[in-house]
Amino acid sequence: MDSALLVHRLHFAFTVTFHYLFPQLTMGLALLIVVLKTLALRRNDELYNQAARFWARIFGINFVLGVVTGIPMEFQFGTNWSHFSRFAGGVIGQTLAMEGMFAFFLESAFLGLFLYGEKKLSPRAHWWSAVAVFLGSWLSGYFIIVTDAWMQNPVGYERAPDGSVQLASFWELVLNPWAWWQYAHNMSGAVITGAFVMASVGAFYVLSNQYREHGQIFLRTGVWAGCIFSILQLFPTGDGQGRMVTRYQPVTLAAMEALFTGQPGAPLVIIGQPDVEARKIDNPLLVPKALSFLTYRRWEAHVEGLDSFPEQLWPQNIPLLYYSYHIMVGLGTIFIAIMVVSAFLLWRGKLFDARWMLWILLLSLPFPYIANTAGWMTAELGRQPWLVYGLMLTADGYSKTVSAGNGMFTLLGFMGMYTVLGILFLFLVRREIERGPAAAAALEH
Amino acid sequence: METLWFMIVAVMVAAYVVLDGFDLGAGVICLFVARSSAERRMVLRAIGPVWDGNEVWLLAAGGTLYFAFPQLYASSFSGFYLPLMMVLWLLMLRGIGIEFRAHMDNPVWIGFFDAIFFVSSALLAIFLGAALGNVIRGVPLGPDGYFFEPLWTDFRVGAHPGILDWYTVMAGVIALVTLTAHGALYIVTKTEADLNLRARRVALVMWPIQALLTVISLMATNWIKPEVMDNYREHPIGLAIPLLVLASLGAMLWATLKRKEKPAFVASALYIVSMLVGAAFALYPVVLPASTDPGYSLTIYNSAAGHHGLVVGVTWWCIAFVLALAYFVFIFRMFRGKVRLEGSGY
């Protein structure tokens, strides 16, 4: 691979992967904080307000990192991917500009009010500020998903005489069917992260026998939300997203499943290591005919394998794509198991004494992050070798004027900077968890 | 249509410089006017609820630029690769410096975050000025509409300049001085007692430097690029803009001396806007002049997005702009008046 291309791909992959660790919690927590604030208002219970304030502090720290690591994302379209920007700016410039104009202003204006204005506002007005932050963050997510969905399944465009693409239909762009499924699937994934983080901290407080009442609120909220959304993640959103891939990117589906030969009654690979050179899977654990059923709802349906497509259209990194996809699906299944069992215990009133389950919830914290990251890797690796599916190759989109050396310089800079930011984040969040939800009635500094 | 979007982007850039300018300036003066940790907290609290929203104008302006002029966005962002990446790092450090200072208990670390806030604010002010200087001076565009500028070459203004040459360094210094005064005047409106007096003194010290540099920069621009006068010659009404620059400069001094705090800040904002409008007026319809061959320059016509997209954009942009203004009016009213230390917040 051309080394400048590799550096620019790593540059975007590294910065966006690190970035998305933060927005997923922002978007998930934004919803859960609205839930806590609503319960506080409904039940007139100060404990819920304290719980909301505690999560608002974590939210605030997390939000700052999401913002500062998000700014480079918008810039990189121009700095590292200028040929792509010139080619596609006439279309995706719409959604990226709308994100700035609609979502960022809403979010930033009301975040300050939400975090620092509780004393100046009535309880109901403060609730509204939480709702505005929630709307802003979810709206921002929509515009980004629409942008990515256009790259996965380009719609609503026309070719201009200079070779670039330009907007032909605004509504086709923002109502891309791919975007709807991807948005539902992605947002549900974000809520799962928020729910697991909340349940995990709750489990920690209950296990260590401090702030028990707050911990129980966190567990109740986290487990119920986690239970609902980990099921939604599989069905209908994951299923719908999968059928989008089957329909618009059949070669990607074959690569995700490592299905080298097309066949009727295709099996689903649960575990196994793809050997692309030999066109086979080592040590496979298969469910016969399941893939045919999941994709076409018929056990005997024919599923196209990689052999139906010319090799230059295969995603370049099939093993990584295959593992990303399988890690995502495997973890998603485990999440359902954890959350359904926890919800059952909660319903029977036994969760707070079931130390084994609390331990599982406590230790499960990193896994939604891994699953969400693996999901995005599946989407982005699966689109290769295309940058815009069927329209522009990744190899044609990077900034030809920015040499590999200059790209490497800033990539290393970002790696150093993000290491420091990551350490700082963990330190600050740990400090808030140590201080506990009852410590500060409001944000005192 | 292209002209309309040129004006829209110019308005957004001006809004960014006026708004984020005062909190950048606050960062520059913070270490000097605020001596104790409590005073520094006052400065942070004066900008705390608004700085993030102010910075969104940069993102929104960037997004709008991408949308309306994709060719300009692609060319300038890849060409200014290194300085833009440094701007990103500075923006990150600054955001961290402002927001996480409050989470530190130890004075050693609080001092460290104050220093980060100062350094990143000052460097950002200089970078912004240098960036504007680059756009006015021109960049070595090739026939394909792309370029790559090293950070510096020989510091001379020629066909193949670096990001930094004597002209852009001067622009950086003007930006630093202007935003320092702007930030100081903002802090004057938001504080009382010692802090208020010291910030006012900074503004008074900056004034003669700012006035001198303004005159020098206008002459220098005219000297390195005589064609900046073309639009003014064609439409003499434009000459009102430099007059406005001088008038607002005078008003700044007068209002500061008379202790009219808000008018002084408004005059400073007016000075910034008229400087930027003057530059935009001189460039139009060019958006990125080529230092190599004037024929390679990017104009609003050869860098704009498709017509249909631009028409659609006007609708949603107007809605979003009105909403954004409403939020800003609401937030600034909410946190109006002088800041005091008791109570919640920064």
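In helix α2 of chain B, the buried residues are R40(B), R41(B), M42(B), V43(B), L44(B), R45(B), A46(B) and I47(B). A residue is buried if 20 or more other C-beta atoms lie within 10 Å of its own, exposed if 12 or fewer, and partly exposed in between, with C-beta atoms placed from the backbone. By this count α2(B) is mostly covered, with eight of its eleven residues buried. Helices (H or I, at least four residues) and strands (E, at least two) are DSSP runs, numbered from the N terminus. Two residues are in contact if their C-beta atoms, placed from the backbone, lie within 7 Å.

The model is predicted; local features need pLDDT of at least 70, side-chain atom pairs count only at pLDDT 80 or more, and totals for chains, interfaces and linings use all residues. Residues are numbered from 1 along each chain as its sequence is written, while chains are lettered from A and ligands numbered from 1 in the order in which they are written. The predictor's confidence in each residue, pLDDT, runs from 0 to 100. Its mean for chain B is 88, and 98% of the residues of chain B reach 70 or more. Among the elements of chain B, α2 (residues 37-47) has the lowest mean pLDDT, 86. Helix α7 (residues 166-190) of chain B has the highest, 92. For the complex, the predictor gives an ipTM of 0.89 and a pTM of 0.92.

Chain B contains 13 helices and two strands. Of its 346 residues, 55% are buried. Its C-alpha atoms fill a box of roughly 60 × 40 × 40 Å along the principal axes. The radius of gyration is taken over C-alpha atoms, and the globule rule is 2.2 Å times the number of residues to the power 0.38. For 346 residues a compact globule would have a value near 20 Å, so the 20 Å of chain B agrees.

Chain A has 13 helices and eight strands. Buried residues make up 53% of its 445 residues. The box for its C-alpha atoms is roughly 65 × 50 × 40 Å, taken along the principal axes. A compact globule of 445 residues would have a radius of gyration near 22 Å, so the 23 Å of chain A agrees. In chain A, 75% of the contacts with a separation of 6 or more join residues 24 or more positions apart.

The two chains meet where 57 residues of chain B are in contact with 56 residues of chain A. On the chain B side, α3 (51-68), α4 (70-79), α5 (81-101) and α13 (307-334) each supply at least two residues. Helix α13(B) gives the most, with 13 residues. This side has 37 nonpolar, 18 polar and two charged residues. Ala, Val, Leu, Ile, Met, Phe, Trp, Tyr, Cys and Pro count as nonpolar, Asp, Glu, Lys and Arg as charged, and the others, Gly among them, as polar.

Helix α3(B) is mostly covered: 18 of its 18 residues are buried. V9(B) touches A61(B), T64(B), L65(B) and A68(B), not counting residues up to four places away in sequence. V9(B) also belongs to the largest nonpolar core, which has 260 residues. Such a core is a set of buried Ala, Val, Leu, Ile, Met, Phe, Trp, Tyr and Cys residues joined through C-beta atoms within 7 Å.
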